[in-house]
Amino acid sequence: MSFFPPQFQKTNNSQDSTGRESFDLNGQFDYPEPHNLNVESGILGRSVPQFGSVAEQDIYHGSPLDLANSMEALSLDKSGPQHFNGAFSRPINGSADSLAAPSRTVYLGNVPTDLTPKELLDHVRSGVIESCKILPEKNCAFISFLDENSAMLFHSDAILKRMTIKQNDIRIGWGNQTDLHPIVHEAVSKHNATRNVYLGHLLPDITIDEIYTDLYIYGEIEVIKVISEKRIAFVHFTSILSAVRAVQNLPLKNPKYASRKVFYGKDRCAFITKTQQHNAAQYLGLDPNLENYLLNNVDPDFISTALVHQSNAAAAIATQAGGVNNLGNRTVYLGSLQPDVTVEEVCNVVRGGILEKVRLIYEKYACFITFIDPIAAAQFFAMSSLHGLIIRNRKVKIGWGKHSGPLPNALTLAVSNGASRNLYIGGLDLDDNGEVCEGEPIKTENGPSTSKKVIECAKKLRADFEVFGEIEQINFFVEKGCAFVNFSNISNAIKAIDGIKYNKDYEGLKINFGKDRCGNIPKQFNNNHNIATNDFRRMDN
């Protein structure tokens, strides 16, 4: 059950927490004022035509030296992450980033007047938030994190992705440096306090309305979630101080909660997305498939620092080679392709990031590749520019396509839940006792196969899944009785996984998202990846 009075919307969060100690509450919390903001266009590189169409012929690749310097921050450095002091240190068009030093507080300007805390914090995935305050009369907001690293990660990510809320381009800057409120500092130090209050052992019929009425007196509430079957609830305030007040006073002043568990849960904004895990793994030279290993064995502050430097480098690459308006672009242009090249052949050479879509324009001998993340797009552009990209023994042209804009929120959520353009179909009967048939051989783990069952299965899979969109390739793992259907567009894969369940032929089969092979580590990083992976495993042992 879920109700959000009046501005609340449903969110996913769960963290069981127990235990409580008492301490006094006093004082008020002051929100920091912004620095004097000086918005400049800050041209970071040559402004060049972007290839929304392929009529333009000249492509600016950027200085090899600039790209090489920027790439140092996108890949593993044996001495650890380095500070990037290139073009990104200057103000970015559309941002409010002055030369002021970073702080725990990020300023957001040009926010919609009707913006709610929930709508704002849905864009934050970088660390524990101390407080969030929206000033609608000034069209601005402040988000204060517990630590500066989390603030820097959000700041750099918001600039790189050109943060947009309700069609408003958000200006990003720094708030004044302030110390943690003493009460907050003590609660965090002793109890790992967050702005999320966990309520356990609740009455089975308790409602969100009732919880809101009981807790709103302690401060502004962002969102409430009740999990009825577990008799628990999570109440996210807009500040830790409000949560501390609630945890301290609720069991003492409201008899309804005297025998309930009241403590702190995990801040829903304090986690690293799968895309960020993938980027951090590549930055550290690790296999992206070791994402869970990374989270369990690498210090979170180190991961945040790595992501900040990587984001800065990606911004520099995008603006040096495409002009300041190219910041946050996720689309890379490939030109001078062979007339009959296929989408599969293009995807075979693309590495370093999960793809949103691939669009091949045969009559123009061109292809547009849109990544999920702008960091991956910048990395692929730089690597291809420096080392060249070969398809069918021909070196292709590299440029930037028309600006992709930010990834839609629906796709962001889907990717965070494991979505990709590759679908796994398991439980297939592919044992044909050696029977073969004529037809184009099908890819399997043991090479091309003319197995009758495999060929017939491939035809059926193509016929059944092609109704959802263009298919890039289908391949099989015969020994495991499974197949992979790769779409050209992740949106079509999402439609397919929802739509195929209505086809009775697929009842009893296991269908899920697979790994996008384009997200594998680039060949140029393989040496660093092998060294780093072994180093981390030795440290773990």
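Q: How many helices and strands does the protein chain have?
A: This is a predicted model. Of the 541 residues of the protein chain, 54% count as buried. The secondary structure of the protein chain comes to 15 helices and 21 strands.

Q: Among contacts in the protein chain between residues at least 6 apart in sequence, what percentage joins residues at least 24 apart?
A: Contact here means heavy atoms within 4.5 Å. Among contacts in the protein chain between residues at least 6 apart in sequence, the share that joins residues at least 24 apart is 75%.

Q: Which strands are the edge strands of the open sheet of four strands with antiparallel pairing?
A: The order of this sheet is S2-S3-S1-S6. Each edge strand pairs on one side only, and the two are S2 (129–135) and S6 (171–174).

Q: Which residue in S6 is the bridge partner of Tyr-107?
A: Strand S1 covers residues 105–109 and runs antiparallel to S6, with four bridges joining the two. For Tyr-107, the bridge partner in S6 is Gly-173.

Q: Is H4 roughly parallel or roughly perpendicular to H6?
A: Helix H4 (residues 182–191) packs against helix H6 (residues 240–253) at an angle of about 70 degrees, and their axes are 9 Å apart. Angles of 65 to 115 degrees count as roughly perpendicular. H4 is therefore, relative to H6, roughly perpendicular.

Q: Which residue in S19 is the bridge partner of Lys-443?
A: An open sheet of five strands with mixed pairing has the order S18-S19-S20-S17-S21. S18 (443–444) is one of its edge strands, and two bridges join S18 to S19 (residues 471–477), which run parallel. The bridge partner of Lys-443 in S19 is Asn-475.

Q: What angle does the direction of helix H14 make with that of S21?
A: Helix H13 (residues 452–465) packs on the sheet and touches S17, S18, S19 and S20. Helix H14 (residues 490–499) also packs on the sheet, touching S17, S20 and S21. With the direction of S21, that of H14 makes about 155 degrees.

Note on methods:
Residues numbered from 1 in each chain as written. Predicted model: local features only at pLDDT ≥ 70, side-chain atom pairs only at ≥ 80, totals over all residues. Heavy atoms only, no water. Pairing = 2+ DSSP bridges. Axes fitted to C-alpha atoms, helices over the stretch in contact; angles between N-to-C directions. Parallel < 35°, antiparallel > 145°, perpendicular 65-115°, else oblique. Buried < 20%, exposed > 50% of the residue type's maximum accessible area, 1.4 Å probe, protein only.
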